[in-house]
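Try each task before reading its solution.

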Amino acid sequence: MVGITRRQFFERTILTAGGLAAFEGFIREPRHPIGEEMEVRLARLPEAFDGFKIAQISDIHYGPYMNQAGVARGMRIAEKWRPDLVALTGDFTSRPLGKAYGIDGARHAEPCADELVKWKGVQMVAILGNHDHWNDPGTVTGALRDRGIPVLRNESIAVERDGARLWIAGSDDALVGASDMAKTLERVPKNEATVLLMHEPDVADHVVGYPVDLQLSGHSHGGQVRLPGFGPIILPELARKYHTGLNRVGRLQVYTNWGLGMITPPVRLLCPPKVTLLVLRKDTRQ
């Protein structure tokens with residue numbers, strides 16, 4: 001075997017590492033979603049809802065980089081948890097490659113919803129994200145509702161258990177200026193526990209002024225690419241403060257999911273697709 005110089009060794013090592021990173025980021029990691037489980041303690045949670053399980057799926061971005069098999073991979077993770085509710089926190093669609101946002105992108109919601117409703121016997125509730133609005137919010141909403149998935153656009157519903165209620169509030173998208181918190185909460189008694197679905201996490205700085213206990217968001221994708229020691233290198237508007245995991249904003253808790261899909265460039269590195277189980281617990285601490 002012919003020997004190599006130290007410089008050649010380092011060059012080959014760098015090229016090999018770069019190739020492995022590219023393989024991981026473009027091919028392997030986006031196809032291997034992970035599940036994250038956590039407990040969230042809420043002081044106003046009724047005793048009847050102690051242990052209530054919410055599975056969150058966000059930012060599916062059905063389109064060039066996501067198909068029904070990819071949606072199914074995320075659903076299989078969530079199904080194993082047997083949640084009481086599935087929260088779908090927006091951006092079901094992406095625009096087609098080489099095309100502008102519009103009706104073609106919005107129609108991606110149809111095969112996406114077809115896959116989601118294969119999961120029988122679980123309550124689902126959805127909100128829209130900015131990409132759904134940029135494509136066509138009416139088409140995306142219709143595709144979901146026609147298949148039995150409620151879409152909350154500045155409105156709330158109550159989940160009842162043993163005479164108690166937990167409110168699920170759904171804001172329309174904030175980035176496009178469609179969110180109206182007063183309208184979203186107008187039916188909700190101020191003394192009852194409320195979980196808000198809000199696509200963009202940084203809106204928590206506004207939401208904290210309302211009687212909301214927990215905000216579930218997406219939008220950030222975790223940055224899609226995270227570097228050791230630096231974290232995410234690029235984050236979208238309204239997802240630069242609370243872009244990852246569970247954070248507290250005053251008395252409000254906000255959880256941000258990394259999402260299932262991707263946008264261009266279609267790469268995830270050290271930031272795998274994620275599905276989350278949030279188990280609500282009554283916080284009895286004084």
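## Exercise 1: Cysteines

The sulfur of Cys112 lies 19 Å from the closest cysteine sulfur, that of Cys271, which is too far for a bond. Keep in mind that this is a predicted model.

Task: Find how many disulfides the whole structure has, and decide whether Cys112 is buried or exposed.

Solution, step by step:
- Apply the cut-off: the two sulfur atoms must be within 2.5 Å.
- Turn to Cys271: this residue is in no disulfide, and its nearest cysteine sulfur, in Cys112, is 19 Å away.
- Finish the count: searching the whole structure gives zero disulfides.
- Check accessibility: Cys112 is buried, because its relative accessible area is 0% and buried means under 20%.
- Do likewise for Cys271: its relative accessible area is 0%, so Cys271 is buried.

## Exercise 2: Aromatic pairs

Task: Work out how many aromatic pairs there are, and classify the pair of Phe49 and Phe52.

Solution, step by step:
- Recall what to look for: a pair of aromatic rings is described by the distance of the centres and the angle of the planes.
- Count: there are two aromatic pairs.
- Take Phe49 and Phe52: their centres are 5.4 Å apart, with 65° between the planes.
- Classify: planes over 60 degrees apart count as edge-to-face, and the Phe49 and Phe52 pair is edge-to-face.

## Exercise 3: The largest pocket

Task: Describe the largest pocket by its volume and its lining.

Solution, step by step:
- Volume: about 540 Å³.
- Lining: 30 residues, with His131, His221, Gln224, Ile263 and Thr264 nearest the centre.
- Classes: 16 of the lining residues are nonpolar, 11 polar and three charged.

## Exercise 4: Confidence

Task: Where does pLDDT stay under 50?

Solution, step by step:
- Begin with the whole: mean pLDDT is 92, and 90% of the residues reach 70 or more.
- Then locate the stretch: residues 8–25 stay under 50, and the model gives them 14 contacts beyond four places in sequence.

How values were computed. Residues numbered from 1 in each chain as written. Predicted model: local features only at pLDDT ≥ 70, side-chain atom pairs only at ≥ 80, totals over all residues. Heavy atoms only, no water. Buried < 20%, exposed > 50% of the residue type's maximum accessible area, 1.4 Å probe, protein only. 1 Å grid on protein atoms, 1.4 Å probe; cavity = no way out; pocket = protein on both sides within 12 Å on 5 of 7 lines; lining within 4 Å. Points joined across faces, edges and corners; volume = space filled by probe spheres on them. Nonpolar A, V, L, I, M, F, W, Y, C, P; charged D, E, K, R; others polar. pLDDT = per-residue confidence, 0-100. Contact = heavy atoms within 4.5 Å. Phe/Tyr/Trp six-rings, centres within 6.5 Å; stacked < 30°, edge-to-face > 60°.
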